[in-house]
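Student: Could you walk me through this structure and explain the terms as we go?
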Amino acid sequence: MNFIILLLPLLAIFLLFRSQKKRQSQMQSMQQALEPGAGVRTIGGLYALVKSVNEETVELEIAPGVVTHFTKGAVAAVLDPLEYDAIINGRPAEDELADSVEDAADEDDAQDKPLSLDKDKSGSSSADGEAPESK
């Protein structure tokens with residue numbers, strides 16, 4: 001029984017160190033994957049393009065013509081080109097196509113029903129261009 005009480009904390013410490021080492025190796029491999037032209041997200045939530053990679057720092061273009069220097073540790077994630085484009089330029093193209101088809105269907109439905117501003121829904125309108133009388 002005493003053996004189990006001593007073994008459980010040691011096992012928990014071992015698992016904590018193992019997961020920390022795994023995260024460090026993932027971060028190291030991600031930092032090695034940095035290359036000019038890649039889209040990245042910093043730990044502060046800033047999206048940018050990598051302009052150049054130095055030993056300890058990276059130069060990130062946060063807007064056209066605006067280049068800043070960050071440490072490699074400040075880069076939280078390297079993004080796929082499609083994911084970066086979708087984030088920076090809005091929704092992906094396939095979502096826009098689906099929305100345009102839905103909008104066209106909504107316009108067709110709206111054209112089928114005549115627009116009426118009358119409150120009494122009788123369909124009568126004044127022929128001389130005057131506003132209908134209020135009740």
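Tutor: Gladly; here are some questions and answers about it.
This is a predicted model, in which local features need pLDDT of at least 70, side-chain atom pairs count only at pLDDT 80 or more, and totals for chains, interfaces and linings use all residues. Residues are numbered from 1 along each chain as its sequence is written, and side-chain values use heavy atoms, with hydrogens and water left out.

Student: What makes up the secondary structure of the protein chain?
Tutor: The chain has 3 helices and 5 strands, where helices (H or I, at least four residues) and strands (E, at least two) are DSSP runs, numbered from the N terminus. Along the sequence the pattern is α-β-β-β-β-β-α-α.

Student: Why is Phe 3 called exposed?
Tutor: Exposed means over 50% relative accessible area, buried under 20%, and partly exposed in between (1.4 Å probe, protein chains only). Phe 3 has 61%, so Phe 3 is exposed. Its place is in helix α1 (residues 2–32).

Student: Which residues make up the largest nonpolar core?
Tutor: The core has 9 residues: Met 30, Leu 34, Ala 38, Val 40, Ala 48, Val 50, Val 58, Leu 60 and Val 75. Strands β2 (47–53) and β3 (57–63) each give two or more residues to this core. A nonpolar core is a set of buried Ala, Val, Leu, Ile, Met, Phe, Trp, Tyr and Cys residues joined through side-chain atoms within 4.5 Å.

Student: What is Ala 48 in contact with, leaving aside neighbours within four places in sequence?
Tutor: Contact means heavy atoms within 4.5 Å, and the partners of Ala 48 include Ala 38, Val 40, Leu 60 and Tyr 84.
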